[in-house]
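Reader: Can we go through this one together? I'd like to start with the contact between the chains.
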Amino acid sequence: MYRYDEFDHDLVRERVAEFSDQVARRLSGELTEDQFKPLRLMNGVYLQLHAYMLRIAVPYGTLSSRQMRTLAHLARTYDRDYGHFTTRQNLQFHWTKLEEAPKMLAELADVEMHCIQTSGNCIRNVTADHFAGASADEIADPRPYAEILRQWSSLHPEFSLLPRKFKLAVIGAPKDRAAIQTHDIGLEVKRNDSGKLGFAVWVGGGQGRTPMIAKKVRDFLPESDLIAYMEAILRIYNLFGRRDNKFKARIKILVHEMGEEEVKAAIEKEFAAIDKTNMVLPRDAVERIERYFAPPPFDTRFNGAPAFDRARETDSEFASFVERNVHPHKMPGYAIATVSLKPIGGTPGDMTSAQMDAVAGIAEQYSFDEVRVSHEQNLVLPHVKLEDLPAVYARLRATGLATANFGLITDIICCPGLDYCSLANARSIPIAQRLSERFADPVRQSDIGELKIKISGCINACGHHHVGHIGILGVDRKGEEFYQITLGGSGDETCSIGEIVGKGFSSDGVIDAVETIVDTYLKLRESPRENFLSAYRRVGEEPFQEALYAHAA
Amino acid sequence: MSAKSKDSDLPLIATANDLRTGAVVYRSADGAWQRDIARAEIAEGKSAADDLLRRAEADLAVGVADLALIPIIREGAFLRPAALREIIRSTGPTIELPAWQPRA
């Protein structure tokens, strides 16, 4: 993991001191709310429906056990004993007191964490593949590049007041587990024909009220040009991005309005004009950062995993957990284990302090001290010995974290919605909970197979509904909650935006509607191996519309 | 300040968040900002609403943030906000939260 150097420590501690002073001045009345609001937002402090909310950055979703324990401590000491992991790989506390926020930031700084750039029109927390450094299909670990981008973008004076927020995501494998094509900039680490490392670069993706898939502007950008090219993109956006209308201010609108070719040409022209003297990313600088992410000291003497094999044969629930939540590791004898934060009927992404402590302990003992946060609101233990999986499973189970539903219909992404969020128009968590309960039967879930439901409580789309195989958007219709369904979205390397299937449904009706959609899929699929998304792409929306609305015609 | 409903004929009360804690508070007739919606001062008609707003805005300097006048509905002896959003602000999330005890 990356460790702060002296400069990082000073920067974060100075920021805590500065914010402490700003809070004191606000509480004394010296600062008005209008003066204070942008200052608190720069430190991740929002005002939501019931209280302040503190959004903590988890850079590229990587946490140490020590950091996880601090999050548990903050939940216990300053909040209501739980936290909420988000689709940006961050953690939010929903019951923060403003007068205690500086103390929370100081405690975060002690474990090399902060809330800087988790709000505002700046470059936000850089996200990455949650299987980074572990997955068998990886070309290179994306986290060193994400860390380099974090350092480059932190308090970058030219890009601190952009037209709108700006989100970057990086992957290091052909399989896109970070939804890079729905980001302002998406980067895929790859090798060219001569084996050199570089990036495919996508620009102009995003969700929100105008969902768009990013355009590939470079098929291969040499590693050494990474920072200069990012500067070029950001400069074009900063210069030409609209500031007259916040709903049209994201770079996706610029790409759409200028046109893909013109934007590409503008970026390339700016890139050519940049003085590269101090902008080249030298290999030795990358290597210096890569050393922080060096593989842990794996046991290379793999000679079978008898305890694992035995448990799989004798414990059907463990076998289900392995089948659903365990993924191949690049190192023989190891596995990647997903810790589902989607218990049946629970709140997606929520975790109590006791559970955080438990996962910290498990990671410390069995996963080289590392935990990952996925944008799908789960946690990941990236490096678990196969032979240790039964013990890991037992400990997860003891704390209610062994739900074997990764990628299944109950593994629902869901924003906080109107239960917490001041922007929301409708509740999303109760819909997720009722769907989870409706499809709770593990045999039924397994029969349905891979199916991603994503729910947002407003058009800002924090719940990624546009890229849900089944997307649900809550809207306010004359004071009542209504839910619009989209079908066929996907956030992976085959990225697509879901299509609205028809008229919306009431909060009761939407649960039945999803069941109708699922039943329709089960009837029309060619075989159990054809998952929902594949079937939808084959047949289109018509059979689903027919099933949902024919009786109303 | 923003009016949060189109139900312009309904009586209004002033709500905000406590500056220190963020807790939802309502302005009572004695000028106190407190948690109990039943004790909120009710403004009937435009001039009473304007007067309530003027007095509430004077509190923004130190005590509260995110002030709004919201429409309410009387149900017998009880008051409830007209909008779902404000009902949730008043009563808390509609979902079960992990067990938790306030600090002493």
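Author: Buried area is the accessible area (1.4 Å probe) that two parts lose on being put together, summed over both. The model is predicted, so local features need pLDDT of at least 70 and side-chain atom pairs count only at pLDDT 80 or more, while totals for chains, interfaces and linings use all residues. Residues are numbered from 1 along each chain as its sequence is written, and side-chain values use heavy atoms, with hydrogens and water left out.

Reader: OK. What is the area buried between chain B and chain A?

Author: About 2,500 Å², with 57% of that area given by carbon and sulfur atoms. Chain B puts 27 residues into the contact and chain A 35 residues, contact meaning heavy atoms within 4.5 Å.

Reader: How many salt bridges across the interface?

Author: The rule finds 1, taking a side-chain nitrogen of Lys or Arg within 4 Å of a carboxyl oxygen of Asp or Glu. A:Glu99 pairs with B:Arg20, and their closest N and O atoms are 3.4 Å apart.

Reader: Different topic. Why is strand E2 of chain A largely enclosed?

Author: Strand E2 (residues 52-56) of chain A is largely enclosed by the rest of the structure because 5 of its 5 residues are buried, that is, under 20% relative accessible area (1.4 Å probe, protein chains only). Strands here are DSSP runs of E, at least two residues, numbered from the N terminus.

Reader: Which residues are on which side?

Author: A:Tyr52, A:Leu54 and A:Ile56 are on one side, A:Met53 and A:Arg55 on the other. In a regular strand, side chains alternate between the two faces of the sheet.

Reader: And which residue stands opposite A:Arg55?

Author: A:Gln92 in E5(A). E2(A) and E5(A) (residues 91-96) run antiparallel, joined by 4 bridges; pairing needs at least two DSSP bridges.

Note on methods. Chains lettered and ligands numbered in written order. Buried < 20%, exposed > 50% of the residue type's maximum accessible area, 1.4 Å probe, protein only.
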